[in-house]
Amino acid sequence: MLTAYLARTNQLLQNPGASTALYATPDLTSWINQARGQLAGETECVRFLGTLTTQIGVRNYNFSSINLGSGNGLAGVINARQMLYAVASGYQWIRPRPWSWYWLFKLNNPVPQQGAPEVWSQFSQGGSGQGSITGIGTGTMSSGSFYLDPPPGLVYSLLIDCSCYPSALAADTDVEAIPYLFTDAIPYFAAYLALMSAQTSIRMEYAQKMFDLYKMFVDRANQASAPNVTKRLYERQSSPTTINKLGIASKEGQG
């Protein structure tokens with residue numbers, strides 16, 4: 001997949017042959033991986049059901065403790081979306097709450113009673129700190145975390161709906177975790193970063209056009225990935241034609 005990304009990005013940049021290359025392949029690879037990470041965070045298109053084993057009496061857990069398996073092209077977790085815990089032959093939902101609510105109504109308790117998890121809340125933002133998306137390193141600690149309440153009275157197995165970021169592509173054989181059609185948008189973001197690096201007015205103008213095309217392809221992928229029969233069940237951007245269909249398109253210059 002990396003070879004295809006490089007070829008398409010070079011086409012968009014109209015990069016000459018190797019003897020007069022405007023952008024070095026290592027730089028393009030870095031921009032491609034940066035684009036992949038940004039797209040994964042923006043669209044939450046890289047999803048995985050991770051698992052985590054709790055500890056008795058322990059409320060807080062880092063995203064880095066979530067098991068994502070191996071060989072699937074995932075580097076780490078950006079955020080946790082939903083949680084269940086295993087009970088009997090199935091699962092039980094754990095209610096999500098905002099941190100301010102959790103702080104006041106759950107953490108504000110001098111004598112917490114242990115039990116099965118009922119509520120969870122994300123505390124710190126950030127990825128799980130694993131792997132590298134740029135090929136240089138994550139550059140940050142494993143800062144993402146969440147809290148449970150009540151503190152687990154037993155060892156529970158959590159099933160967590162995770163939004164993830166992909167592993168960096170260093171070779172064409174590396175697994176691409178970003179799904180099609182979202183992959184079509186990546187070369188446009190990489191070309192945008194490349195043109196911005198030139199820092200000349202004409203190329204920066206082209207860079208904005210590439211970014212606009214990137215957004216268009218992301219919007220199209222978002223729309224295509226939501227089945228018609230369940231469109232309202234997915235957190236997707238509205239169709240760009242929806243406002244016009246409703247007859248409420250805004251007009252510039254009107255107060």
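Colleague: Which residue's side chain does D212 meet in a salt bridge?

Modeller: Bear in mind that this is a predicted model. The N to O distance of the salt bridge is 3.9 Å, and the partner is K215.

Colleague: Are D212 and K215 buried or exposed, or in between?

Modeller: Buried means under 20% relative accessible area and exposed means over 50%. D212 has 38% relative accessibility, and K215 also has a relative accessible area of 38%. Because those values fall between the two cut-offs, D212 and K215 both count as partly exposed.

Colleague: How many salt bridges does the structure hold?

Modeller: A pair counts when a side-chain nitrogen of Lys or Arg is within 4 Å of a carboxyl oxygen of Asp or Glu. K106 and D149 form one of them, at 3.8 Å between the closest N and O atoms. In total, the structure holds seven.

Colleague: Which strands does the salt bridge between D161 and R81 link?

Modeller: Happy to trace that one! The two side chains meet at 3.4 Å, N to O, and both residues are buried. They are 80 residues apart, so the pair links distant parts of the chain: D161 sits in strand β7 (residues 157-166) and R81 in strand β3 (residues 74-87).

Colleague: Which residues join D161 and R81 in a network of salt bridges?

Modeller: D161 and R81 already form a salt bridge with each other. Salt bridges that share partners bring in two further residues, E44 and R47.

Colleague: Why does the Y188 and F217 pair tie together separate parts of the sequence, and how many residues apart are they?

Modeller: Y188, at 8% relative accessible area, is buried, whereas F217, at 22%, is partly exposed. Y188 lies in helix α4 (residues 186-198) and F217 in helix α5, so the pair ties together parts whose separation in sequence is 29 residues.

Colleague: Over which ring does the charged end of R97 sit?

Modeller: A charge of this kind must be within 6 Å of the ring centre. The end of R97 is 4.3 Å from the centre, and the ring belongs to W101.

Methods:
Residues are numbered from 1 along each chain as its sequence is written. This is a predicted model: local features need pLDDT of at least 70, side-chain atom pairs count only at pLDDT 80 or more; totals for chains, interfaces and linings use all residues. Side-chain values use heavy atoms; hydrogens and water are left out. Helices (H or I, at least four residues) and strands (E, at least two) are DSSP runs, numbered from the N terminus. Buried means under 20% relative accessible area, exposed over 50%, partly exposed in between (1.4 Å probe, protein chains only). A charge sits over a ring if NZ of Lys or CZ of Arg is within 6 Å of the ring centre and within 35 degrees of the ring normal.
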